[in-house]
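This report walks through selected local features of one structure, region by region. The sequence and the model are shown first.

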Amino acid sequence: MTGKLESFAPDAKVIHADIDPAEIGKNRFADVPIVGDCKEVIAELIAAISEDRATIDAPDLSVWWEYLDGIRKTYPLAYKPESDGALSPEYVIERLGIAAGPDAIYCAGVGQHQMWAAQFVKYEKPRTWLNSGGLGTMGYAVPAALGAKMGAPEKEVWAIDGDGCFQMTNQELATAAIEGAPIKVAVINNGNLGMVRQWQTLFYEQRYSSTDLSTHSMRIPDFVKLGEAMGCVSFRCEREEDVDAVIAQAREINDRPVVIDFIVGADAQVWPMVAAGTSNDEIMAARDIRPLFDEDDAADEPAVIHAAMDRQEGQK
Ligand SMILES: Cc1ncc(C[n+]2csc(CCOP(=O)(O)OP(=O)(O)O)c2C)c(N)n1
Ligand SMILES: [Mg+2]
């Protein structure tokens, strides 16, 4: 994602590897163009860097780490409770990550729930986060979880899915039930195509168009009934005080797939973000607050009600 092109990494030197020569330098000048298969290019790069490292000292990254630590301190991973008292999607995902832990495999769809799953689950091990990134494909989570479970049957596998994404591939639950792949699906049901709704909230004066899925207002489809119809054990959870118990129940079931319909607030927003047409260094930390890296803005930060990282530290 370049954002506004002329301000994209203006001081960087770019190495651009691409199998398609027409792509090289198409958007951004490449100082070092390499045409080739990334499988080979990356392997050769790794070998070249290791060779360099044998003779040249590793670079001093202390200034970079100081800078990153400063950002971490000023903008801790956080979320606010929903204004209408509804269950927070971030809370659900945070609790799920703590319960299932770093050995589980997590897959996500595309949208707000995906961003929160990236932020609030504390990954510690490789190959535990299956993600359809960069022009990601809605509907990825359930089939990805199914594949992960078939490939690693001893692992606990969770699909963290959106109510929109889930409707694209939930028929694969039948495959999971029939083929004996007891995956677990946490539907983060915010009633909306939340990622799109967030843009309509922030940039289109709350003129909501085609984002309400009726998964809240009409409960269509009813994900509990749908899960049951597909041979899964299904639960619904709407209150913060029930979240841990329903996750624990789901974790106990290993002979069938499980679906949990988490009914969460519609208005939670994902931060940080870059607005369309703006530069990546104008990244927004919260509504109306930009740029992220301007120290003067730190005082205007919204109240950090839950500092999720701190709370997780406390749990350990
Ligand atoms: C197949 C496909 N269609 C459309 C999109 C564009 N898109 C990205 S996120 C999103 C909304 C996803 O809604 P939901 O699954 O409910 O997730 P939420 O953002 O609410 O967590 C859409 C329409 C896409 N990425 N993939
Ligand atoms: Mg949604």
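Predicted model: local features only at pLDDT ≥ 70, side-chain atom pairs only at ≥ 80, totals over all residues.

## The second largest pocket

By class, the lining of the second largest pocket is made up of 16 nonpolar, 13 polar and one charged residues.

The largest share comes from α4, which contributes four residues to the lining of the second largest pocket.

## The largest cavity

The structure holds one cavity of 30 Å³ or more, and the volume of the largest cavity is about 40 Å³. Its lining consists of Q112, G194, R197, Q198, T201, A266, D267, A268 and Q269. Sorted by class, the lining of this cavity has two nonpolar, five polar and two charged residues, and the largest share of it, four residues, is supplied by α8.

## Q198 in helix α8

Among the residues that line the largest cavity is Q198, which belongs to helix α8. Is Q198 buried or exposed? With a relative accessible area of 2%, Q198 is buried, because it falls under the 20% limit used for that class.

The side chain of Q198 reaches the backbone nitrogen of V270, at a distance of 2.8 Å.

## Helix α10 and its packing

Helix α10 spans residues 243-252, and its buried residues are V243, V246, I247 and A250. Seen down the axis of α10, these buried residues fall within an arc of 100°, so they line one face of the helix. The elements against which the buried residues of α10 pack are the helix α3 (89-100) and the strands β6 (157-162), β7 (184-189), β8 (233-237) and β9 (258-263).

Helix α3 also contains R95, a residue that is buried, with a relative accessible area of 14%. The side chain of R95 makes a polar contact, at 3.0 Å, with the side chain of D244, and residue 244 lies within the span of α10.

## Two cis peptide bonds

Most peptide bonds are trans. What is the geometry of the bond from I220 to P221? That peptide bond is cis, with omega near -5°, and P221 is placed in the loop between α8 and α9 (223-229).

A cis peptide bond also joins W271 and P272, where omega is about -5°. P272 is found in the loop between β9 and β10 (306-307).

## Positive phi in two arginines

Most residues other than glycine have a negative phi. R127, in the loop between α4 and β5 (129-130), has a positive phi near 60°. The relative accessibility of R127 is 76%, so R127 counts as exposed, the threshold for that class being over 50%.

In R219, phi is likewise positive, with a value near 50°. R219 is placed in the loop between α8 and α9, the loop that also holds P221. With a relative accessible area of 30%, R219 is partly exposed.

## A176 in helix α7

Helix α7 (residues 172-179) includes A176, which is buried, with a relative accessible area of 0%. Leaving aside its neighbours within four places in sequence, A176 is in contact with L146, A181, I183 and P257.

Conventions: Residues numbered from 1 in each chain as written. Chains lettered and ligands numbered in written order. Heavy atoms only, no water. Nonpolar A, V, L, I, M, F, W, Y, C, P; charged D, E, K, R; others polar. Buried < 20%, exposed > 50% of the residue type's maximum accessible area, 1.4 Å probe, protein only. Arc of directions from axis to C-beta. Contact = heavy atoms within 4.5 Å. Polar contact = N/O pair within 3.5 Å; in protein donor to acceptor, adjacent residues only side chain to side chain. 1 Å grid on protein atoms, 1.4 Å probe; cavity = no way out; pocket = protein on both sides within 12 Å on 5 of 7 lines; lining within 4 Å. Points joined across faces, edges and corners; volume = space filled by probe spheres on them.
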